[in-house]
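Here is a quick briefing to read alongside the model. Keep the viewer open and follow the topics in turn.

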Amino acid sequence: MTEKSVATEFGSVDRAARPEAFVKYLDTVTGLEAAQAYKQRSYELLNLKPGHRVLDVGCGTGDDVRAMAKIVGLSGRAVGIDNSEVMIAEAKKRSLDLALPVEFRTATASDLPFQNGSFDATRSELLFQHLANPSKTLAEMIRVTRPGGRVGVLDPDWETVVIDALDRRVTRQILSASMDTHVNPWAGRQIFSLFHTAGLREIEVLPATVPLLNFSLAEPVLELRKCVINAVEKSAITEKEG
C-alpha cells in the first residue's frame, strides 16, 4: 500500500493517527520567507479595508485570519472555516487574548454556512489541491462574497516542482509518481479557467516561486523520502534506484 504523505491527506486530518503532524506541516510552510511574501501580496489583492468582513476557506491554524484581522481592524471581522475540528481548536487557541476580530467555525468548503453576500472578500490557500470538485467550492466562495467584492485562491501546481539531481530519468519518475498521489495536482494551473468559467471578471494571475535550497527544509515540505517510497511501491523505479 502506498505510504500516505501529510501534504496529500488534509481532507482527513481528524481521522489521522497523528493530527499534530498536519499542524507542524502548516507551520513549516507558513514559516518560509517566500510563503510570507505571497501571503502578503494576496491580502493586498483582496483590497481589504478597515471595517471589511473577510472569509478564509480552509483556514488551518488561522494564521491568515489573524493577519487579515489586523488589516480590517476592530470595526471589521475576519472569519475562518475548516473541515477539521483539530485545526479549528488550534486556531482558537492561538487567537486567545489577542483582542482581534476573529471567528473560527468547523464547516465544509462546498457548503458554507453563510448567507449570500456576507463578505467583502473571500480567499482560500492550499485547499483546491485537495478537492475533487473545486468548482463547487469556488461557487460557494462567490455566493458568500458581495457583488463587487474580491475572491482569491492560492494553490500549487505539483507538476511544476523541479529538483536538481544527478539522474534525470529517475528524478522524473519519482516526481511523476508523487504528483499522482494528490487529489488535484494541477490545482494551480486550473485557477484561471475556474474563475473564468464561474463568470468572474478582472482576473489577475500571480505566479509565485518557492525556492527550497537545502535538504533539511525541502524534506519536510516536499516529503522527499516518501516520494521515493511511493515511486518504488508503484514500480516507477526500482528499489536500488530509490
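## A loop residue to start with

Asn184 sits in the loop between H6 and helix H7 (187-197); helices (H or I, at least four residues) and strands (E, at least two) are DSSP runs, numbered from the N terminus. This is a predicted model, in which local features need pLDDT of at least 70, side-chain atom pairs count only at pLDDT 80 or more, and totals for chains, interfaces and linings use all residues. Residues are numbered from 1 along each chain as its sequence is written, and side-chain values use heavy atoms, with hydrogens and water left out.

**Around Asn184**

- Asn184 is buried, with a relative accessible area of 8%; buried means under 20% relative accessible area, exposed over 50%, and partly exposed in between (1.4 Å probe, protein chains only).
- Setting aside residues up to four places away in sequence, Asn184 touches Phe128, Gln129, Leu131, Pro134 and Gln190, where contact means heavy atoms within 4.5 Å.

**The sheet**

- Five strands make an open sheet: it has 5 strands in the order E3-E2-E1-E4-E5, with parallel pairing. Two strands pair if DSSP finds at least two bridges between them.
- At the edges are strand E3 (102-106) and strand E5 (145-154), each of which pairs on one side only.
- On average, neighbouring strands of this sheet are turned by 20° against each other, direction ignored. For such angles, axes are lines fitted to C-alpha atoms (for helices over the stretch in contact), and values run from 0 to 180 degrees between N-to-C directions.
- Strand E1 (residues 53-57) runs parallel to strand E4 (residues 119-125), and 4 bridges join them. E1 also pairs with E2 in the parallel sense, over 5 bridges.
- Asp56 is a handy landmark to click on: it stands opposite Arg123 in E4 and opposite Gly80 in E2.
- Why call E1 largely enclosed by the rest of the structure? Because 4 of the 5 residues of E1 are buried.

**Helix H3 on the sheet**

- Helix H3 (residues 63-72) packs on the sheet, where it touches E1, strand E2 (77-82), E3 and E4. The direction of H3 makes about 165° with that of E2.
- The buried residues of H3 are Asp64, Val65, Arg66, Met68, Ala69 and Val72.
- Those buried H3 residues pack against helix H2 (33-45), E1, E2, helix H4 (85-95), E3 and E4.
- An α-helix has 3.6 residues a turn, so residues three or four places apart point the same way.
- Just after H3 comes Gly73, with a positive phi of about 75°.

**Positive phi without glycine**

- Asn47 has a positive phi of about 55° although it is not a glycine. Asn47 lies in the loop between H2 and E1 and counts as partly exposed, at 33% relative accessibility.
- Leu126 is not a glycine either, yet has a positive phi of about 60°. Look for Leu126 in the loop between E4 and helix H5 (134-143); at 24% relative accessibility, Leu126 counts as partly exposed.

- Thr171 belongs to helix H6 (residues 168-179) and is buried, with a relative accessible area of 14%.
- Not counting residues up to four places away in sequence, Thr171 touches Ile163 and Ala165.
- Ala231 is part of helix H9 (residues 224-233) and, at 0% relative accessibility, counts as buried.
- Neighbours within four places in sequence aside, Ala231 is in contact with Ile174, Ala177, Ala236 and Ile237.
- The C-alpha atoms of Ala231 and Phe119 are separated by 43 Å, and the two residues are 112 apart along the chain.

**The second largest pocket**

- About 230 Å³ of space lies in the second largest pocket. On a 1 Å grid over the protein atoms alone, a pocket is an open set of points where a 1.4 Å probe fits, with protein on both sides within 12 Å along at least five of seven lines. Grid points are joined across faces, edges and corners, and a volume is the space filled by probe spheres set on the points.
- Which residues line the second largest pocket? They are Val6, Arg18, Ala21, Lys24, Tyr25, Thr28, Glu219, Pro220, Glu223 and Lys226; lining residues have an atom within 4 Å of a point.
- Helix H1 (20-30) and helix H8 (215-222) each supply at least two residues of this lining, and H1 gives the largest share, 4 residues.
- By class, the lining has 4 nonpolar, 1 polar and 5 charged residues. Here Ala, Val, Leu, Ile, Met, Phe, Trp, Tyr, Cys and Pro count as nonpolar, Asp, Glu, Lys and Arg as charged, and the others, Gly among them, as polar.
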